Amino acid sequence: MGVQTSYNYGTSKGIAGGLYDITSYENNTFITPGGIPFGSGVVKGAAPGSDVKLPDADSTAEDFEGVVQNGFTTMQDMKGNAVPESGQSIGVLKQGKIWGIVGKAAVPAYDKPVYLITSGDEAGRFTTKEDTSTKIALPARFISGADNGIAPIRVQAICVAEKEESKS
């Protein structure tokens, strides 16, 4: 029998991996290795264009694929966690507004640049410049402050041609 053990009069503003609003967005499908929570930032996997993974120390801004979107089709496990399993297809928001998971040291605020944590237990979470974690700058901005460990992020579209020009 399920029992609610915590109560709160406040309602969260959003959910990790949920769209912030219904403005234009691009969401692509990738295969997950499993264990990547909704609202996490992901990078190219072993088969770029097909799969994604959490970032690691070797990840660069050019590897960033987007934010794992909650499609509301993943069942909860026995602990109440909804995390896609290995081999499942997941939506990854490449451009648009979404609720992302922020690191403990993040101080998000309107129009602050977004960084992706690339190491440790918080790899895949988003942060700000003040955070001393290993991180990479992203083509994204925070929309407002954090609420219950998540914050709205505006991911800006970067086309391949722009990436190539920046390398020249």
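Predicted model: local features only at pLDDT ≥ 70, side-chain atom pairs only at ≥ 80, totals over all residues.
This briefing walks through strand pairing, nonpolar cores, aromatic contacts and salt bridges in the structure above. Residues are numbered from 1 along each chain as its sequence is written, and side-chain values use heavy atoms, with hydrogens and water left out.

**Strands and their pairing**

- Strands here are DSSP runs of E with at least two residues, numbered from the N terminus, and two strands pair if DSSP finds at least two bridges between them.
- Strand E2 (residues 41-44) pairs with strand E4 (residues 64-69) in the antiparallel sense over three bridges; Val43 has Phe64 in E4 as its bridge partner.
- E2 also pairs with strand E3 (residues 52-53), again antiparallel, over two bridges, and Lys44 has Val52 in E3 as its bridge partner.

**Nonpolar cores**

- A nonpolar core is a set of buried Ala, Val, Leu, Ile, Met, Phe, Trp, Tyr and Cys residues joined through side-chain atoms within 4.5 Å.
- Buried means under 20% relative accessible area, exposed means over 50%, and partly exposed lies in between (1.4 Å probe, protein chains only).
- The largest core has 17 residues, and among those with the most contacts inside it are Phe64, Val114, Phe126 and Ile153.
- Two or more residues of this core come from each of E4, E5 (89-101), E6 (113-117), E8 (135-142) and E9 (150-155), with E8 giving the largest share, four residues.
- A second, separate core has eight residues, including Ile36, Val52, Val68 and Val92.

**Around Trp99**

- Trp99 is found in strand E5 and counts as buried, at 4% relative accessibility.
- Contact means heavy atoms within 4.5 Å; beyond its neighbours within four places in sequence, Trp99 is in contact with residues including Lys13, Leu19, Tyr20, Gly39 and Ile150.
- Asp21 lies 78 residues from Trp99 along the chain, and their C-alpha atoms are separated by 9.7 Å.
- The structure holds one aromatic pair: Tyr20 and Trp99, tilted, at 5.7 Å centre to centre with 55 degrees between the planes.
- For such a pair, the ring centres (six-membered ring for Trp) lie within 6.5 Å; planes under 30 degrees apart count as stacked, over 60 as edge-to-face and the rest as tilted.
- This pair links distant parts of the chain, with Tyr20 in the segment before strand E1 (26-31) and Trp99 in E5, 79 residues apart.
- Tyr20 is partly exposed, with a relative accessible area of 33%.

**Charged side chains**

- The charged end of Lys135 sits over the ring of Tyr115, 5.8 Å from its centre (the criterion is NZ of Lys or CZ of Arg within 6 Å of the ring centre and within 35 degrees of the ring normal).
- There are six salt bridges, each a side-chain nitrogen of Lys or Arg within 4 Å of a carboxyl oxygen of Asp or Glu.
- Lys94 and Glu65 meet in a salt bridge at 2.6 Å, N to O; Lys94 in E5 and Glu65 in E4 are 29 residues apart.
- Glu65 is buried at 8% relative accessible area, whereas Lys94 counts as partly exposed at 25%.
- Asp111 and Arg141 form a salt bridge at 3.9 Å, N to O, joining the loop between E5 and E6 to strand E8.
- Lys112 forms a salt bridge with Glu130, the closest N and O atoms being 2.9 Å apart.
- Salt bridges that share partners join Asp111, Arg141 and Arg154 into one network.
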